[in-house]
Structures are given as C-alpha cells and as structure tokens.
Amino acid sequence: MFKCKTVWNKLAPLVRASSTLCLQNAKKSVLRHGRKLEMVQKAQMSSGPAGGGGENTLYYVLVGATCLGGGVYAYRTVSGDKERYNERMIQIASRPKHGPLAAEAVAEVVTQSKEESVAEEPTLTQPSVEEPPVTEAVVESTETEPVVEETVTEPIVEASIPEPTVETLETEPVVEASVTEPVAEVASETEPTPVIMAEHVPEASSVSESAAVSEATPAAEPVEPTAAHPDVPEHTPYLLIGGGTASFAAARSIRARDPGARVLIITEESDLPYMRPPLSKELWFSDDPKATETLRFKQWNGKERSIYFQPPSFYVSPTDLPKVENGGVAVLTGRKVVHMDVRGNKVKLSDGAEISYEKCLIATGGVPRNLQVIDRAGEEVTKRTTLFRKIEDFRSLEKISREVKSITIIGGGFLGSELACALGRRTTDLGLEVIQMFPEKGNMGKVLPEYLSNWTTEKVRREGVNVITDALVKNVSYKNDKLEIKLKDGRLIKTDHIVAAVGLEPNVELAKSAGLEVDSDFGGYRVNAELQARSNIWVAGDAACFYDIKLGRRRVEHHDHAVVSGRLAGENMTGVSKPYWHQSMFWSDLGPDVGYEAIGIVDSSLPTVGVFAKATAKDTPKAATEQSGTGIRSESETEAVAGTLKAETKATPPPIQQKEDYGKGVIFYLRDQVVVGIVLWNVFNRMPIARKIIKDGDQHADLNEVAKLFNIHED
C-alpha cells in the first residue's frame, strides 16, 4: 500500500504537467486553425532517467485496471437495471386496472427492451461508452409508468392507456391470467426475462378482438365466477339481503316506482318470501290435513289464502334477471351473505360467489334466542328443543305434537302465549299435555297491566294449557327418555319436548365486515331517519334500530313494522328520501275469540289507565277479519279513518273495570303524563286514531274522554 502511494506521488505531478501542456498545445492549434494537435513526447512523462520506461508501464497498468473496473461496474449496474425494469413491466402488466391492450403493449415494451439489452450488452474487454445514457433511461422508466412513451413507438403508447370501458373491465381477469401464465415458464430459465410474454398475448386491434382471444385461453376459465356459479348473477342494481316481509315489501315498492327495476333477494331459507304471523296463529286451526305441505290456511273470516306473498310464477329466475326485458324480482334461496364490501359495492356468499350492486337493503331479521341452561344441557336436550321461527319449525313442531305426549313452552310473551293456545286445542283430540311456564305473574306480563295479564292467563288455561307462573328455569337434563326441567324454587317438570319462545336476537352478522354501527341498548343496525346505515345501504324490519321523533330510538319486531319500514326503504332506494315517521302497530290473537292490537311503547312497568266496556259478538278477531276481509289486520289500515271517525255523542256508561269483565277496552300507557302507548283490547280497525293520539303528544286530564274516540261503548 505504501509503495503504491509512493509511486502515485511521483506520477501525479507529471500527469498534471503533461495534461497542462497538452491543453496548451490544443488551444494553440485551434487558434491557428490547425488540423492536428501536437502530441507530447513520452520522455517528458517520465520522472526517471532518460530512456527508463518502468514507471510508465506501471502507470498504464493502473489506468487500464481502473478503466476495466469501471467497465465491470457499469455492466453490472446496467444488467441489474434491465432486470428491475423487466420486473417492473411484469408488475404493471398484472395490475387489474389495465385493460388487455395495455397488457399487450407492456409485453411488447418488455420484448423490445430485452432485444435492445441483448444487442447493446457490454463486454468485460470493451466497455460501452454509450451505456450510461441507456441506464439512466431505464431507471427513470421503472419509477413512473408514463416514461414508457420514451421507449415505445406512438401507436403502442396509445394502446397502453385505453379508457376504462365495460368490455375492458370484463376481460381484465382473462388477460391477467394470460400474462401471468408465462412467468412460470420463464422462471426455469437462467435469465428470467419475460420475452415469451409477448408470444402469449396476441395482438388485437380492438378490445373486442382481445376479449375473443382471451376467452379461448383455457387458463382463464377458473377466473370466471359464472363458470363456478352459473345461477348467480354477477351484478344487480337492487340487492335485498333477507327473504322476509321487509324485503318483499321493499321489492314491491321499488317495482312500483321503477317498473323496469331488477331486484335480487337473497335468503338463507329454501322458501320464497312469506308472512310469519300465521305460523303461530291460523295454520294451527286449519282442518285441512295437508296444510303443513300446502301452507294454505283459513282466516278467521273463513277465507282461504296462502302463507306466501306471491306464487312462484311472480318471480323471474336469477339467471334471467339481467336479461329480462322489463326487469323483475328474483329470489336466490338457500344462500347466505357472509361478507360485505361497502367500498367495492359487492357481497360475498357462503358458496364463494360474489355479486356487485348499486343499492342494497339489509333485512336479515333476527334469530330466536335460547336459554343458556338449554345450550349447556347437551345434545340430547338441544335436539328435543324447538326455537320457533321458520316454516321448517312449524312443520317440525306440528309433527312432534302428533307423536309425543307432552310439550312444554317456555315463555309468556306473544309467541309463547299464541303457541300455547294453538296447541291447547289439541289436548282433547290427541291427548297431548301442553305446559306453559314463564317467570312473570301472568301471560303477557311484560306488556299488559297486571289485572289484564291475570285475566289473560285464565283465558289460556281455559284453552287446556297448564300455565306455571313465577317459573325460573335452573336446570334442564335428559333422563329416562324424558326432559327434566328443574326450577329455582325446587319444582320439577317432566316433558317430552321443549319450545323455547324467549325473544329474538337481531341478526347483525354483517356489521363487522360492512363497518356498520350496532346499537348497544336495543340491538340492530343504527339507521338515520331515512333508514340509511350508509350512503347506499338501507336497513328495514327487525334488524333496524331507528329514531322515532316522538318516542326516541327504538327497535320493533312486528309484522306491520316490517311492512312499512320495508316499503319506505324501497322508496328511498329509488331516490325519494322520505323520513320514517310511521307509528307501527302489532297484534296478537289468543285464538279466534280474543285478540288485541297495540302501538307505541307498551311496557307494563309504565303507569296505565284502562277503559273497558262489555263486548259483543262482533268484538272478536274473527269478526274483525270478516269486516276487513283480511287476516293480516295491518293490511286494512288507512290513515283516512282517523279523520272520519268522530267521538260518540251519547252519554258514556261508567267503566266496568272493577267487575273484571274485560270484554273490550282501551289501555293507555303514560310517560310524564303523555300517552306513549295504546293497547286496543278486542277493539279493531281503530288504529289510525291511536296513532294520531301518540303523534300529537298532548297531555290529557281525563283519558275517559279520549277513550270516546274509539267508540267502545257503541252496541
């Protein structure tokens, strides 16, 4: 190292001197317009004795080695840049945002770049002086895509950036498969240069030609979703998740405002949209032995109808939905939406199929709750327990009721009390023992005031049901072919089958993937006044937690709310932007003789005022359906009734509440001296009046005067 330094110290002054002398001679020659420069003699470059050339030789060796090293470095740099450039071109070609022509152009660019690199490849013995500019161009082209214009001819640049059309987007997966296929072939080569890529991507003068060539490529077949799911459309303008009442009401509303609309309903169930109330009411009282198969029933007025909203002929096939001329409603049964991409406006189904949409409604309803003691009891108990909700549950329970000797219903709410009365009618004919138990002091104890709840309990007992009140289930087990239900007070009930009717849990499984807010108090998706959860997503039915301008935030689990909220959501999906101000009603029938309708907040913990009168033969659910012509009483509602009905002018008899003869009447639920809920007991077709009272929100000094509006004392 020291020797080299010493030699360099000796050579450096000579190099500087010779360089200065050469520069001076060059200037003089140029000034004299000389054609040949005077060269410096070799002897003047040596610092040793005259005629000695040893140190000059060393100088030449050092300079040559330096040039050789620089050439090697330049070659390696250029080679690395070429490889990185080719890799970058492959990445650009595989991007989904490029169309087929763009991929073709990129392939040609890569091919041309490879050919140039082979032609201009430097050697170790002769470094190329033109290589640095090429290296600079290559590096720049790897940083940004537009620099491709410097490398290719003008027509290729135009083809590499086509405008995004529908045809281009549809053929993207095919081109991507064709472009990426050669990579595996080239990977086995010593130098991974994607020159073969240009051979696999044929030239096409238009997008349609490229699409035709791509369709013929076998490697593209697995990418097409229609190949794996031919019955699932790839796109639908209106997507409704859930096949219940709210979805059907929304579909009907959308088609009413947009006759050419294409609506797709996706449901987990195997049945077309149907109404749920008859499952716990009229179907159990049918005389037709085939009612469980046909699902046709007689209403209380004797008229027959189907549980389905529309026959199969009403719907179009999901595969024909994109092609049918005037649009329509299609139902995809037996499928479940497991993921929502709200940014990409698409959903993923349980079988892997994907459907894109423009506007979406979530009407997933809810799933029936179960008791934890039953969940923990084991398989023998769970398989002898029915969570009543769907058509399959009705058919299964109807069959079980004919095969077992004892059925126990846990729950004293709407569903539990309705099923108890329905099954109680079979105690005489089939010798079936029906037991109903609940923790309250009487049926409908959470809804009705205590005196009316006790009266209802006696009514259920008269139907042949063994009602057990104040029953808190502690343990459930299976012993000796019997289910043993042990209560916390020590009582033990043995039965063959259990029906758990303890409430509904809103189905909000899509909240996580869709990023939707779930209400912590009431459950369900939180929506605004227009039932919107996001800009193009609406929620209706049991799963919607909406804001009531009079009663605050609420969530309602009844048929009428599903109808009205679904209808409004459908209208808003077509651009109406209406707020949800409707006070939905609900009803329950304990057989054909006793029924009630309710609206607002009906909670037995609130103070109540009841006004009753003697009932007549027309004050029954059966008579109400005969008058309205329908068994679904919310279908007969009209807002005009509230304006036409007048309070009776004749003197009002005193209330007969103290006689415990609750034939018919009105119960007002109060909060801060304001009526927030009303129950019409065996009083029908008066719901618009109740709705107006709650909407006004006035304080009333004498509710007996308000009760006159319902004409409960007329003969």
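This is a predicted model: local features need pLDDT of at least 70, side-chain atom pairs count only at pLDDT 80 or more; totals for chains, interfaces and linings use all residues.

Author: Leu 58 lies in helix 2, residues 54-93. Its relative accessibility is 35%, so Leu 58 counts as partly exposed. Patch members need over 30% relative accessible area.

Another surface patch carries positive charge. Lys 474, Lys 479, Lys 486, Lys 488 and Lys 494 gather there. One of them, Lys 474, belongs to strand 14, residues 473-479. Lys 474 has 49% relative accessibility, so it too is partly exposed. The cut-off for exposed is over 50%.

Now the strand. Strand 11 spans residues 406-410 and is mostly covered. Of its 5 residues, 5 are buried. Buried here means under 20% relative accessible area. Take the two faces in turn. Ser 406, Thr 408 and Ile 410 sit on one side, and they are buried. Ile 407 and Ile 409 sit on the other, and they are buried as well.

Next, the pairing. Strand 11 runs parallel to strand 12, residues 433-437, with 5 bridges between them. Strand 11 also pairs with strand 17, residues 497-500. That pairing is parallel too, over 4 bridges.

Thr 408 shows both contacts. Its bridge partner in strand 12 is Ile 435. In strand 17, Thr 408 is partnered by Ile 498.

Notes
Residues are numbered from 1 along each chain as its sequence is written. Side-chain values use heavy atoms; hydrogens and water are left out. Buried means under 20% relative accessible area, exposed over 50%, partly exposed in between (1.4 Å probe, protein chains only). Helices (H or I, at least four residues) and strands (E, at least two) are DSSP runs, numbered from the N terminus. Two strands pair if DSSP finds at least two bridges between them. Patches are made of residues with over 30% relative accessible area and no salt bridge: like charges are joined within 9 Å, nonpolar side chains (Val, Leu, Ile, Met, Phe, Trp, Tyr) within 5 Å. Accessible areas come from the Shrake-Rupley method with a 1.4 Å probe; for residues, only the protein chains shown count as cover. A salt bridge is a side-chain nitrogen of Lys or Arg within 4 Å of a carboxyl oxygen of Asp or Glu. Lys and Arg count as positive and Asp and Glu as negative; His and the chain ends are not counted. The place of a charge is taken as NZ of Lys, CZ of Arg, CG of Asp or CD of Glu.
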